[in-house]
Amino acid sequence: MNNIINVKKKLGDFKLNVKLKLEDGINCFFGPSGSGKTSIINCIAGLIKPDYAEIIINNVVLNSSKDNYFCPIHKRNIGYVFQDSRLFPHLNVIKNLTYGGFLSKDSKKNFNTNDIINLLKLGELINRYPYNLSGGEKQRVAIGRALLSQPKLIIMDEPLASLDHSKRNELLSYIAKVYLKFKIPIIYVSHSSTETFLLGHKINFINNGRLVYAGKKIDAFNYFNKNYLANKLDNFFQGKVTHVNKKNNLTKINIENQSLTVFTKKFKIEEEVLVRISASDLIICKSLPKEISALNYLKLKLTLMKIDNNLVILYFKFNSGLLKAHITKISLENLKLKKNDYYFILIKAININEVLSFNLT
């Protein structure tokens, strides 16, 4: 499929200038607030008219400045899920869902209402009104309504932003199921690195109105770990569960040729997982201490150091990517760390901040 997004728009002092291609699957737009993510998708949806645009979705031209063509919003065949659900308060769930059908009277029906109710587990909710739904339930209804408009593309603009941690993980699995079931391309906008890496088949990093990087998940991991949002100092890795000790609540995870022990027993052997490690939770040693509580240690080569306001970011070679560690400048001076030397990195099992399954279905 030919899916090209090339837009330019001046919004006050902010200039949007992005050119990218969408892949089959879930395309994530990731970046900080104010980077231009929502402006891009609003250009795609027709909510903003760009100063210049060439937008082609599924081989259909939606914008062409060269031909002076701007497709009306209602003819774009795009389902849009907003940050807030935007359900009609005077309609119950079933009527909110079927309202999407009014937008697709002339469209081929790829799936029916029962398909969506079953997929999103809305059967017990259909007679309720929005005031009687949780945040996660409202978003499931909003996703169902978007699907029942029979779209060729679904846009989701930070749909989990208002949900708590447990509800976010639950709704992530529903979003993954939508793509797996119907194979409709999805643009998913977020400033959550966890959501982005769990869902994205292709990840587009947006900053200051520009596309700064685009790539598949494993390459995006490495780019993020090396370059992106250093102030947040998260490390992300894809791993596989190799052993589960239920008695002691411990799980071993292989990340390429390295092994980590984490404090959990909720995964199955061979399960693919996303591991997040905070750089500030790592301890650097010149020699391996004896009789310590930490269950993990790595011996890695220091490849780069960045000093900023008495704090230091250390970059260690870790398999095919990098592992970031965060220490004070005085610690760097006391240890006399040098580039290209090897050091031990200690990680407590309970300090591996987040482990999430890639098996969202």
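# Briefing: a buried glutamate, sheet order and aromatic pairs

Glu271 sits in the loop that runs between strand 14 (258-262) and strand 15 (272-278). The model is predicted. Glu271 is buried but forms no salt bridge.

- The nearest side chain of opposite charge to Glu271 is Lys268, 6.4 Å away. A salt bridge would need a side-chain nitrogen of Lys or Arg within 4 Å of a carboxyl oxygen.
- The backbone of Lys268 does meet Glu271: the backbone nitrogen of Lys268 lies 2.9 Å from a polar atom of the Glu271 side chain.
- The side chains of Glu271 and Ser357 are joined by a polar contact of 2.5 Å.
- Glu270 is found in the loop between strand 14 and strand 15. Glu270 is not a glycine, yet its phi is positive, at about 80°.

**Other positive phi values**

- Most residues other than glycine have a negative phi.
- Lys336 is not a glycine, and its phi is positive, at about 55°. Lys336 lies in the loop between helix 8 (329-335) and strand 20 (342-347).
- Lys336 counts as exposed because its relative accessibility is 58%, and the cut-off for exposed is over 50%.
- Gly46 follows helix 1 and has a positive phi near 90°.

- Helix 1 (residues 37-45) is mostly covered, with eight of its nine residues buried.
- The buried residues of helix 1 include Lys37, Ser39 and Asn42. Ile40, Ile41 and Ile44 are also among them.
- Leu171 belongs to helix 5 (residues 165-182). Leu171 counts as buried because its relative accessibility is 2%.
- Setting aside residues up to four places away in sequence, Leu171 touches Gly136, Gln139, Arg140, Ile143, Pro159, Leu160 and Leu163.
- Pro159 is twelve residues from Leu171 along the chain, and their C-alpha atoms are separated by 9.1 Å.

- Five bridges link strand 1 (residues 4-11) to strand 4 (residues 52-57) in the antiparallel sense. Ile4 stands opposite Ile56 in strand 4.

**Aromatic pairs**

- Tyr80 counts as buried because its relative accessibility is 15%, where the cut-off for buried is under 20%.
- Phe205 and Tyr223 form a tilted pair, because their ring centres lie 5.0 Å apart and their planes stand at 55°.
- The pair of Phe205 and Tyr223 links distant parts of the chain, 18 residues apart. Phe205 is in strand 10 (residues 202-207), and Tyr223 is in helix 7 (residues 217-227).
- Phe205 counts as buried because its relative accessibility is 0%. Tyr223 counts as buried because its relative accessibility is 17%.
- Phe205 and Tyr223 belong to one aromatic cluster with Phe30, Phe197, Tyr213, Phe221, Phe224 and Phe236.

Conventions:
Residues numbered from 1 in each chain as written. Predicted model: local features only at pLDDT ≥ 70, side-chain atom pairs only at ≥ 80, totals over all residues. Heavy atoms only, no water. Helix = DSSP H or I, 4+ residues; strand = E, 2+ residues; numbered from the N terminus. Buried < 20%, exposed > 50% of the residue type's maximum accessible area, 1.4 Å probe, protein only. Lys, Arg positive; Asp, Glu negative; His and termini not counted. Polar contact = N/O pair within 3.5 Å; in protein donor to acceptor, adjacent residues only side chain to side chain. Contact = heavy atoms within 4.5 Å. Pairing = 2+ DSSP bridges. Phe/Tyr/Trp six-rings, centres within 6.5 Å; stacked < 30°, edge-to-face > 60°.
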